[in-house]
Amino acid sequence: MLNTQIIKIDKGNIDKEKIKSLGQIIKNGGLVAFPTETVYGLGANAYNEDAVKSIFVAKGRPSDNPLIVHFADVGDILEAVVEMPEDAKKLFEHFSPGPLTVILKKSDKIGNAVTAGLDTVAVRIPSDKIARELIKSSGVPIAAPSANLSGKPSPTISKHVIEDMTGRIDAIIDGGDCEVGLESTVIDMSSETPVILRPGGITFEAIKKIIPDVTLDKHILKSVNSNDKPKSPGMKYKHYAPDADVTVIEGDINKVNLKIIELLKENKSKRCGVISISNYKYDADLILNTGNNNKEYAKNLFRVLREFDEHKIDVVFAEFVNDNGYGLAVKNRLYKSAGNKVIYV
Ligand code: TXA
Ligand code: MG
């Protein structure tokens, strides 16, 4: 057990001394959890193979699932990649700093622990002020997956990082709630056609305006069977799953309400929860509202999934209405948390 320091930092008034000592921990091979605009990350010096390996141990993450490397500026990325294609440059110009991750051919600076042996590397420039200051003060790029135990929903509030990581890492920055609430959009720019491997904080529609030939990976909305080899190794693991058994009810909101009323009656003997965007007053043990649009749904989804577990809920019914904007990313995470149990009404 490590003695994990928990350090509060105010985003509006960043304490430079605290950031300096946290940057030193990263530089010297330690692990620090930090907020980003998407979810909390679990960071290590990307150029230190032992430090990177210790991330996998702390999370219980399979070692064949590569990590994203976080930089403060686009210029710093150049040393980590073989080349920066024009379209990738355009993406960074439009969407960085921000919730976008780009896969490029890696240079020799990036070791095998980070990429899980792939010849590509995932790079991203976060916009969160604390994240940026931490990267700058460490003086190295920071390799970081989401700061949850492997398999659990990503942490979007500091309490959830503290629950998962205390005793496992050197320090946790308590920097408040994450703005976006779902992970970054991952786009592969390392081969001929640009492909979105994971929908996230930058929408498909927004990317299509900059790169018209972008497509969506076929694994985004279906489960990966064991014969498949998805481009993004993370897509094949059960993800975002609370202990409760989740079912998504999708369609016109009035029909969704009626179906959930019926399901709640059928499951009377169990502790039932509902993820609600409609504010319908169901007869359930716990109703958690995620706001009435997809942006709010994205921000709150992971937090509410964990809350059902805190309240020992057995089954969760999730309302889902449409794919607009952040909706595709919400749907991707919801389907995964439900193990693809979806009822269309
Ligand atoms: O918003 C985010 O992206 C957060 C914050 C902390 O930056 N990070 C995050 O990391 O979500 P993680 O490790 O939980 O998810 C990274 C995803 C995984 O699905 C992984 O398989 C994929 O990116 N990935 C990483 N490197 C890759 C590569 N070279 N090729 C294909 N997929 C890659
Ligand atoms: Mg993750």
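Analyst: We can go through the sheet, a helix, a loop residue and some ring contacts.

User: Great. Anything to know before we start?
Analyst: This is a predicted model, where local features need pLDDT of at least 70, side-chain atom pairs count only at pLDDT 80 or more, and totals for chains, interfaces and linings use all residues. Residues are numbered from 1 along each chain as its sequence is written, chains are lettered from A and ligands numbered from 1 in the order in which they are written, and side-chain values use heavy atoms, with hydrogens and water left out.

User: What order do the eleven strands of the open sheet take?
Analyst: They run β1-β8-β2-β3-β7-β4-β6-β5-β9-β10-β11, with mixed pairing. Strands (E, at least two residues) and helices (H or I, at least four) are DSSP runs numbered from the N terminus, and two strands pair if DSSP finds at least two bridges between them.

User: Which strands stand at the edges?
Analyst: β1 (5-8) and β11 (215-216); each has a single partner strand, so one side of each is left without a neighbour in the sheet.

User: How many bridges join β9 to β10?
Analyst: Three, between residues 185-188 and residues 195-198, and the two strands run antiparallel. Aspartate 188 stands opposite valine 195 there.

User: And the loop between β9 and β10, is serine 190 in it buried or exposed?
Analyst: Serine 190 counts as buried, at 19% relative accessibility. Buried means under 20% relative accessible area, exposed over 50%, and partly exposed in between (1.4 Å probe, protein chains only). Leaving aside residues up to four places away in sequence, serine 190 touches Ile103, Leu104, Lys105 and Thr120, where contact means heavy atoms within 4.5 Å.

User: Switching to helices: how many residues of α11 are buried?
Analyst: Eleven of the eleven, residues 327-337, so α11 is largely enclosed by the rest of the structure. Glycine 339 follows α11, and its phi is positive, near 55 degrees.

User: How many aromatic pairs are there?
Analyst: Two. In one, tyrosine 280 and tyrosine 282 have ring centres 4.8 Å apart and planes at 50 degrees, so the pair is tilted. Rings of Phe, Tyr and Trp (its six-membered ring) pair if their centres lie within 6.5 Å; planes under 30 degrees apart count as stacked, over 60 as edge-to-face and the rest as tilted.

User: Are those two tyrosines buried or exposed?
Analyst: Tyrosine 280 counts as partly exposed at 36% relative accessibility, while tyrosine 282 is buried at 7%.
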